[in-house]
Amino acid sequence: MWFDNEFDRMFRRLSDRFFNMDDDFEQMWTRARTEPYFYGYTLTVGSDGRPIVRQYGNAIPGLAATDVREPFVDEVVDKDNKTLKLIAEMPGVDKKDIKVTIEDKHARISAESGARKYNARIPLKYKIDENFVKATYANGILEVSLKLVEEKPKGKTIAVE
C-alpha cells in the first residue's frame, strides 16, 4: 500500500535527524572544551560601608559566550593622594596591543592579540583630570592611574555686614 511507503519515508527522515543529533552534540562539546568561558562576581565594601557586587566575564550561565572577554577590573580610590586606579587582568596580550581611552565619564580598555580579545567599559564615578592619566602593563596586569579633580562647592559665600 502507498501509506506504508510514505510511513517508511517519514520514519527514516525523522530517525536520521535523531541519530545525527549525536554528531551535533559532539561538535558543541568539542567547541566548549576549546573556547575559554569565565564568569563571576566580585564583592567589595564601599567607602560608606555598603557592599558593592559586580559581575564580570563573557559567559553568563545559560547564554552563549562571545569571543571577546570582559577582563576583571578592580577600582581603588585613594582620596588622600586624589587618585583612582583601575586594575585589569588581561593575560596573553602585549602592551602594544592595549588601548585605553577616557570618554564621556567612562574608561574603555581594549586589547586584541591573536585569539585573545578584551573589551571593558568602566563607568567613572568621580571627576578626573584627563591630562593626568598613566597606564602600565606587566605580567598580564594593566594598571591605569587617574588623577581626581577636586570638586569645589558651588555657590558663593556672602559676607554679612
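Trainee: Which residue in S9 is the bridge partner of Leu84?
Mentor: This is a predicted model, so the pairing is read from predicted coordinates. S4 and strand S9, which covers residues 141–148, pair in the antiparallel sense over 7 bridges. In S9, the bridge partner of Leu84 is Leu146.

Trainee: In what order do the strands of the open sheet of 4 strands stand?
Mentor: S4 pairs with S9 in the antiparallel sense, and S3, residues 73–78, pairs with S4, residues 83–89, in the antiparallel sense over 6 bridges. The edge strands are S3 and S8, each of which pairs on one side only. With antiparallel pairing, the order is S3-S4-S9-S8.

Trainee: By how many degrees are neighbouring strands of this sheet turned against each other on average?
Mentor: The sheet in question is the open one with the order S3-S4-S9-S8. For its neighbouring strands, with direction ignored, the average turn is 20 degrees.

Trainee: Which residue in the turn of the hairpin of S3 and S4 has a positive phi?
Mentor: Within the paired strands, the bridge partner of Val77 in S4 is Leu84. The hairpin leaves 4 residues between S3 and S4, and the residue in the turn with a positive phi, of about 55 degrees, is Lys82.

Trainee: Which residue meets Glu75 in a salt bridge?
Mentor: A search of the whole structure finds 5 salt bridges. One of them joins two side chains at 3.5 Å, N to O, and it involves Glu75 and Lys125. The pair links distant parts of the chain, 50 residues apart: Glu75 lies in strand S3, while the loop between S7 and strand S8 (128–138) holds Lys125.

Trainee: Which strands stand at the edges of the open sheet formed by 3 strands?
Mentor: These strands follow the order S5-S6-S7, and their pairing is antiparallel. Each edge strand has a single partner strand, so one side of each is left without a neighbour in the sheet, and the strands in question are S5 (98–103) and S7.

Trainee: Which residue takes a positive phi in the hairpin of S6 and S7?
Mentor: This hairpin has 2 residues between the strands. The positive phi is near 65 degrees, and the residue that takes it is Gly114.

Trainee: Which strand gives the largest share of the lining of the largest pocket?
Mentor: About 290 Å³ of space lies in this pocket. Of its 13 lining residues, the closest to the centre are Gly46, Ser47, Ile52, Val77 and Tyr126. The elements that give two or more residues to the lining are strand S1 (39–45), strand S2 (51–57) and S3. The largest share, 4 residues, comes from S3.

Trainee: Why does the largest pocket lie between domain 1 and domain 2?
Mentor: By class, the lining has 5 nonpolar, 3 polar and 5 charged residues. The pocket lies between the domains because residues of its lining are given by both domain 1 (1–66) and domain 2 (68–151).

Trainee: Which strand supplies the largest share of the lining of the second largest pocket?
Mentor: The second largest pocket holds about 220 Å³ of space, and of its 14 lining residues the closest to the centre are Arg54, Gln55, Glu70, Val73 and Ile122. At least two residues of the lining are supplied by each of S2, S3 and strand S7 (116–123). The largest share, 4 residues, comes from S7.

Trainee: How many residues in the lining of the second largest pocket are nonpolar?
Mentor: Domain 1 and domain 2 both give residues to this lining, so the second largest pocket lies between them. By class, 2 of the lining residues are polar and 5 are charged, while the number of nonpolar residues is 7.

Notes: Residues are numbered from 1 along each chain as its sequence is written. This is a predicted model: local features need pLDDT of at least 70, side-chain atom pairs count only at pLDDT 80 or more; totals for chains, interfaces and linings use all residues. Side-chain values use heavy atoms; hydrogens and water are left out. Two strands pair if DSSP finds at least two bridges between them. On a 1 Å grid over the protein atoms alone, a cavity is a set of points where a 1.4 Å probe fits but cannot get out, and a pocket is an open set with protein on both sides within 12 Å along at least five of seven lines; lining residues have an atom within 4 Å of a point. Grid points are joined across faces, edges and corners, and a volume is the space filled by probe spheres set on the points. Ala, Val, Leu, Ile, Met, Phe, Trp, Tyr, Cys and Pro count as nonpolar, Asp, Glu, Lys and Arg as charged, and the others, Gly among them, as polar. Domain bounds come from an automatic or database domain assignment. A salt bridge is a side-chain nitrogen of Lys or Arg within 4 Å of a carboxyl oxygen of Asp or Glu. Axes are lines fitted to C-alpha atoms, for helices over the stretch in contact, and angles run from 0 to 180 degrees between N-to-C directions.
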